[in-house]
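Dear colleague,

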Amino acid sequence: MTGIQALERAHPTLPMKPGLEERCEFEYIRHGTQCLIANLEVATGEVTSPSVGDTRTEVDFAAYLDTLISQDPQGEWIFITDQLNTHQSEAVVRLVARYGEFKEELGVKGKSGILATMASRAEFLTDRTHRIRFIYTPKHSSWLNQIEIWFSILMRRLLKRGSFLSKEDLKSKILKFIDYFNQTMAKPFQWTYRGKPLHV
């Protein structure tokens with residue numbers, strides 16, 4: 001979740017009263033943005049190993065995955081992500097190859113081998129024979145990724161009406177909310193869509 005703004009309301013929010021909704025000040029002081037990298041464990045509904053920082057580069061994402069995979073380096077990992085370029089980057093391919101003890105030459109980014117193109121990197125990362133692999137949601141279908149549903153919970157429960165004094169304050173409140181969510185609200189999402197299947 002990128003571009004989370006640390007907005008401080010210029011004046012205090014007026015609380016609810018009988019017949020009146022809570023009223024937030026429309027003027028604000030902008031303190032910058034933060035990026036949240038997180039994943040949702042679909043079996044428990046918990047958000048695990050969140051990372052909040054200034055950027056979401058391929059190095060940031062690979063470092064996040066490294067932290068996550070190192071919790072069970074011999075385990076099987078399946079990541080469901082959208083098709084963002086950082087999810088199909090050279091750094092991610094190198095990380096997966098290292099953990100998977102992949103012995104073949106990876107090539108050179110933009111020139112040869114697995115690293116040649118985004119398509120060749122995605123093909124390597126989605127290989128079903130690897131114990132660490134990715135599943136990419138179709139374009140314009142990120143709502144299929146359950147972390148996106150959780151991001152909307154974070155937006156509605158914390159960010160929408162929040163007031164944050166700094167980027168550090170925003171980061172602290174996001175991490176505290178995640179702890180609270182995991183302890184009190186986490187549960188697997190139940191899909192309720194019953195519409196017609198899509199035909200191509």
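Which side chain meets that of Lys173 in a salt bridge? The side chain of Asp169 does, at 3.4 Å from N to O. A salt bridge here is a side-chain nitrogen of Lys or Arg within 4 Å of a carboxyl oxygen of Asp or Glu.

Please note that this is a predicted model, in which local features need pLDDT of at least 70, side-chain atom pairs count only at pLDDT 80 or more, and totals for chains, interfaces and linings use all residues. Residues are numbered from 1 along each chain as its sequence is written, and side-chain values use heavy atoms, with hydrogens and water left out.

Salt bridges

Lys173 and Asp169 both belong to helix α5, where they are 4 residues apart, about one turn of the helix. Helices (H or I, at least four residues) and strands (E, at least two) are DSSP runs, numbered from the N terminus. Of this pair, Asp169 is buried, at 18% relative accessibility, and Lys173 is partly exposed, with a relative accessible area of 32%. Buried stands for under 20% relative accessible area, exposed for over 50%, and partly exposed for what lies in between (1.4 Å probe, protein chains only).

The structure holds 6 salt bridges. One of them joins the side chains of Arg161 and Glu22, at 2.6 Å from N to O. Arg161 sits in the loop between α4 (146-159) and α5 (167-184), and Glu22 in the loop between β1 (4-9) and β2 (28-41), so this pair ties together parts that are 139 residues apart in sequence. Arg161 is exposed, its relative accessible area being 51%, while Glu22 is partly exposed at 33%.

The partner of Lys167 is Asp54, and the closest N and O atoms are 3.1 Å apart. Lys167 is partly exposed, with a relative accessible area of 26%.

Pro12 is located in the loop between β1 and β2 and is exposed, at 70% relative accessibility. The C-alpha atoms of Pro12 and Ser163 are separated by 8.9 Å, although these residues are 151 residues apart along the chain.

Backbone angles

Most residues other than glycine have a negative phi. Ser49, in strand β3, has a positive phi, near 50 degrees. Ser49 is partly exposed, at 24% relative accessibility. His140 also has a positive phi, near 65 degrees. His140 lies in the loop between β5 (132-136) and α4 and is exposed, with a relative accessible area of 82%.

A nonpolar surface patch

Ile78, Ile80 and Ile135 form a nonpolar patch on the surface, with about 240 Å² of accessible area together. Patches are made of residues with over 30% relative accessible area and no salt bridge; like charges are joined within 9 Å, and nonpolar side chains (Val, Leu, Ile, Met, Phe, Trp, Tyr) within 5 Å. Accessible areas come from the Shrake-Rupley method with a 1.4 Å probe, and for residues only the protein chains shown count as cover.

Yours sincerely
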